[in-house]
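Hi,

Here is the structure I said I would pass on. Have a look, and my notes follow below.

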Amino acid sequence: MSENTKTVANLKGQLSKYSGIISKEFSKAKRKLIKEMLYGIQAAKDVKLSNIARTLKEEQALIKTEDRLSRNLDDEDFTEVINEQICRLGTLKVTDDMVIAIDPGDIRKKYARKMEFLGKVYDGSEHEVGNGYHLCKIVAADIDSTRVIPLYCEAYAYAAVKSENAELLNAIRVVQSHIGDKGIHAIDRGGDRGVIYRHYLSKDTPTRFVIRLKERDLIHKGKRKHCLDMATTLPMPHESVLVVYDEGKEKRRAVRYHAVAVKLADYGHALYLVVVKGFGPKPMMLLTSCAVDMKKKESIWKIVEYYLARWKCDESFRYIKQCYNLEDIRVRSYISIRNIVVLVLAVSYFAAVYLGQNIKLKLLIERVFLISKRFFGVPSFFNYAIADGIFNLLFPDKTALRGLSPAGMDDFQLRFDFG
């Protein structure tokens, strides 16, 4: 048996076991569907059912496999259960000093007309409004590494939910129900809203957060002041130099920063406004409940680092979109769209976290990385390389999921004899 054959067998065994873990609350038919979808999305690097069906190598007409997948995706919403399972698995991986990056997103469907509950979304890359679906996604990220742990992802349409606020709060509550008070919550300007502050500041000991402000009044030394006025006039005694990459070129950018103690109206909690100048024409304003020693520049800069780590959430979702062609989703029903999105979250957790959770599996992931044919040393590309490696192993495989018994999902034992 060749090394590749052994690696494929080990990989499929782990995928089957993982599928059994996250689908254990579903019926036998749905457990089979989830396993097939997890396999097919990775073997095809695509979410189109025709391509997923092709990877399953069933001994029947391709259209019949595609129709079966379509029917089974359409009658039960997996989103809540699978998000809960991914959060449960990720709990032990999240540490106290990780950033919990909470970020809205979207799936743009530029030419779609008949997808259920299709609505308007803002496409940030093209700076225009178009058709699509909204997303709420949450990942845990280390400040000092490229490590990212996917925790939650949900697709929704305004026509089918109570409100955006309700969706955002539900996502935060689901994640907090598993990780508790671990981590520092970081949200972009979309988090600068009253319902978020009420949730975070409703306890005597508030949730640690860093939120980028749009424009609002703050209380400083007992007086109400506009945050932009405060940021504009605040002295900037501290300076740091950042290395940024623009069009493949390394550039250095000097930024200046400082902090001031503030409060929000109607709340007695001590907060801090951290102001950074140098990222754009307007100061970047960060409101945080984390303790800040304003005499130490390192303490102030740590808040900036928390916020900048939030950008890893964008990178992780860009990886998901690109690796699995998520915006080319072709199903029409709202339930199917939601199911595919949360299954792609499960796929990304498997590739980014599950495969590397112990020493034995690290042997497997090293082999998968080698198969990817990526020979660069840039850590930020690791997830892309693993996705490529899994694809290169599974796509040419002729047996797909045949030969993996249902019992194997729980009792499968890996053989590690790579020679």
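At what angle do the axes of helix H2 (residues 28-44) and helix H11 (residues 334-352) cross? They cross at roughly 70° and come within 10 Å (axes are lines fitted to C-alpha atoms, for helices over the stretch in contact, and angles run from 0 to 180 degrees between N-to-C directions). So H2 is roughly perpendicular to H11, a label for angles of 65 to 115 degrees. Helices here are DSSP runs (H or I, at least four residues), numbered from the N terminus, as are strands (E, at least two).

The contact (heavy atoms within 4.5 Å) involves Ile34, Met37, Leu38, Ile41 and Gln42 of H2, with Ile340, Leu343 and Phe350 among the residues on the H11 side. By class, that makes 11 nonpolar, 1 polar and no charged (Ala, Val, Leu, Ile, Met, Phe, Trp, Tyr, Cys and Pro count as nonpolar, Asp, Glu, Lys and Arg as charged, the others, Gly among them, as polar).

Then there's Arg193, in the loop between strand S5 (184-187) and helix H7 (194-200). Arg193 counts as buried because its relative accessible area is 18% (buried is under 20%, exposed over 50%, partly exposed in between; 1.4 Å probe, protein chains only). Its side chain reaches the backbone oxygen of Gly190 at 2.7 Å. Beyond neighbours within four places in sequence, Arg193 touches Glu164, Asn165, Leu168 and Arg216.

Bear in mind that this is a predicted model: local features need pLDDT of at least 70, side-chain atom pairs 80 or more, while totals for chains, interfaces and linings use all residues. Residues are numbered from 1 along each chain as its sequence is written, and side-chain values use heavy atoms, leaving out hydrogens and water.

Cheers

Methods:
A polar contact is a pair of N or O atoms within 3.5 Å; within protein, one must be able to donate a hydrogen and the other to accept it, and residues adjacent in sequence count only if both atoms are side-chain atoms. Angles under 35 degrees count as roughly parallel, over 145 as roughly antiparallel, 65 to 115 as roughly perpendicular and the rest as oblique.
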